[in-house]
Amino acid sequence: MKRLLVVDDDPLMGEMAKGFLQNPNTEVHVARSGEEALNLLSGGRFDLIMTDIDMGKLDGLALLRQVRLSPTHAKVAVLVISGRKDLASIDAAHALGAASFVSKPVNWRLLPYKIRAMLSATSDAA
């Protein structure tokens, strides 16, 4: 069973992620803030983290920085999904260790294929 953590302060994004990504082989957990995500991460293992950048106190880039410092989650695949489309945001996400970057609005038909490929690449590297 693959476990995905979706981090976005927009409740619709969490609902869409569950609707399009959850299946008998994939469990989707949703956090509405970076702080809530860290709390969920402290309680278990995840195979992929999908995070927005622009959130309250602990934004997606700060969350990514914390994830990469964690011995437990340092190697977890991270997909950044953001309304930002500028090169500086894309470069910053990748510099912090994001595996991929997707701009909003999300193509929900295509996203599961991207995630499947990311999980496959992570499994192959392990």
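**Figure 1. Ser-100, a buried residue in a predicted model.** In this predicted model, Ser-100 is buried, because its relative accessible area of 10% falls under the 20% limit used for that term. Ser-100 is found in strand S5, and its side chain is joined to that of Lys-114 by a polar contact of 3.1 Å. When its neighbours within four places in sequence are left aside, Ser-100 is in contact with Val-78, Leu-79 and Val-80, as well as with His-94, Lys-114 and Met-118.

**Figure 2. The open sheet of five strands.** The strands of this open sheet follow the order S2-S1-S3-S4-S5, and their pairing is parallel. Strands S2 and S5 (100–103) stand at the edges, where each has a single partner strand, so one side of each is left without a neighbour in the sheet. From one strand to the next, the twist averages 20°.

**Figure 3. The pairing of strands S1 and S2.** Strands S1 and S2 run parallel and are joined by six bridges. Within this pairing, Val-7 has Ala-31 of S2 as its bridge partner.

**Figure 4. Helices H1 and H3 against the strands.** Helix H1, formed by residues 11–21, lies across S1, S2, S3 and strand S4 (77–82), and its direction makes an angle of about 180° with that of S2. Helix H3 lies across S1, S3 and S4, and in this case the angle given is the one to S4, at about 175°.

Figure 5. Helix H2, which spans residues 34–42, has Gly-34, Ala-37 and Leu-41 as its buried residues. Seen down the axis of H2, these buried residues fall within an arc of 55°, and they therefore line one face of the helix. The buried residues of H2 pack against strand S1 (2–7), strand S2 (26–31), S3 and helix H3 (60–69), whereas the face turned away from the buried side carries the exposed residues Asn-39 and Ser-42.

**Figure 6. Confidence along the predicted protein.** The average pLDDT of the protein is 94, and 97% of the residues score at least 70. Confidence is highest in strand S3 (residues 48–51), with a mean of 98, and lowest in helix H5 (residues 111–125), with a mean of 85.

Notes
Residues numbered from 1 in each chain as written. Predicted model: local features only at pLDDT ≥ 70, side-chain atom pairs only at ≥ 80, totals over all residues. Heavy atoms only, no water. pLDDT = per-residue confidence, 0-100. Helix = DSSP H or I, 4+ residues; strand = E, 2+ residues; numbered from the N terminus. Buried < 20%, exposed > 50% of the residue type's maximum accessible area, 1.4 Å probe, protein only. Arc of directions from axis to C-beta. Contact = heavy atoms within 4.5 Å. Pairing = 2+ DSSP bridges. Axes fitted to C-alpha atoms, helices over the stretch in contact; angles between N-to-C directions. Polar contact = N/O pair within 3.5 Å; in protein donor to acceptor, adjacent residues only side chain to side chain.
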